[in-house]
Amino acid sequence: MKKGADSPEDEGKRVDLMAAIQWLDAAVINHVGHSLREPEIVILKGTWRGLTYEQMSNGSEYSTNYLMRDVAPKLWKQLSHVFGRSVGKTNFRVALEAYV
């Protein structure tokens, strides 16, 4: 088995990818009144795995431009409100692990 960002070797303080998405979905519902949308989940999973927006796009039905210029800025703004600090693609995982 390839050791990855969400593998059993990452136990301890590390947060599981699916648990993180469930927690974030509940937090977003609490803050804005709706669940995470599919393209937002694509970005969260891709960011967790260290993918570029282009790589995320290649593994989904969404264009790079749509993910990077439309969905991502709104998602990071929402998550910044959830965490009470600036959150983006480069610090998302660290912010989540510090918060949970």
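# Bridges, burial and helix packing

Mentor: Lys74 and Asp70 form a salt bridge, with 2.8 Å between the closest N and O atoms. Keep in mind that this is a predicted model.

Trainee: Why is the pair Lys74 and Asp70 called a salt bridge?

Mentor: The cut-off is 4 Å between a Lys or Arg side-chain nitrogen and an Asp or Glu carboxyl oxygen. Lys74 and Asp70 come to 2.8 Å, so the pair qualifies. In general, side chains of opposite charge can pair when their charged atoms come close.

Trainee: Where do Lys74 and Asp70 lie?

Mentor: Both belong to helix 4, residues 64-83. They are 4 residues apart, about one turn of the helix.

Trainee: What makes Asp70 partly exposed?

Mentor: Its relative accessible area is 29%. Buried needs under 20% and exposed needs over 50%, so Asp70 falls in between.

Trainee: How many salt bridges does a search of the whole structure find?

Mentor: The search finds 3. Another one joins Glu40 to Arg37.

Trainee: How do you know that Glu40 and Arg37 form a salt bridge?

Mentor: Their closest N and O atoms are 3.9 Å apart. The limit is 4 Å, so the pair counts.

Trainee: Which side chains meet in a salt bridge at 3.4 Å, N to O?

Mentor: Those of Arg93 and Glu97. They sit 4 residues apart in helix 5 (residues 92-99), which means about one helical turn separates them.

Trainee: Why does Arg93 count as buried, and what about Glu97?

Mentor: Arg93 is at 14% relative accessibility, and under 20% is buried. Glu97 is at 12%, so Glu97 is buried by that cut-off too.

Trainee: Now the fold. How many helices and strands does the protein chain have?

Mentor: It has 5 helices and 0 strands. Of its 100 residues, 40% count as buried.

Trainee: How do helix 1 and helix 2 pack?

Mentor: Their axes are 11 Å apart, at an angle of about 140°. Helix 2 covers residues 38-48.

Trainee: What makes helix 1 oblique to helix 2?

Mentor: Roughly antiparallel needs over 145 degrees, and roughly perpendicular stops at 115. The angle is about 140°, so helix 1 is oblique to helix 2. The crossing is right-handed.

Trainee: Which residues make the contact?

Mentor: Helix 1 supplies Leu17, Met18, Ala20, Ile21 and Leu24. Helix 2 supplies Ile41, Leu44, Lys45 and Trp48. By class, that is 8 nonpolar, no polar and 1 charged residues. Lys counts as charged, so Lys45 is the charged one.

Trainee: How far apart are Leu17 and Lys45 in sequence and in space?

Mentor: They are 28 residues apart in sequence, and 7.3 Å apart in space, C-alpha to C-alpha.

Trainee: How do you know that Leu17 is buried?

Mentor: Leu17 has a relative accessible area of 3%. Under 20% is buried, so the label holds. Leu17 is found in helix 1, residues 17-32.

Trainee: Why does Thr47 count as buried?

Mentor: Thr47 is at 9% relative accessibility, and the limit is under 20%, so Thr47 is buried. Thr47 lies in helix 2. Leaving out residues up to four places away in sequence, Thr47 touches Met56, Trp76, Lys89 and Phe92.

Methods
Residues numbered from 1 in each chain as written. Predicted model: local features only at pLDDT ≥ 70, side-chain atom pairs only at ≥ 80, totals over all residues. Heavy atoms only, no water. Helix = DSSP H or I, 4+ residues; strand = E, 2+ residues; numbered from the N terminus. Buried < 20%, exposed > 50% of the residue type's maximum accessible area, 1.4 Å probe, protein only. Axes fitted to C-alpha atoms, helices over the stretch in contact; angles between N-to-C directions. Parallel < 35°, antiparallel > 145°, perpendicular 65-115°, else oblique. Left-handed = near helix turned anticlockwise from the far one by under 90°. Contact = heavy atoms within 4.5 Å.
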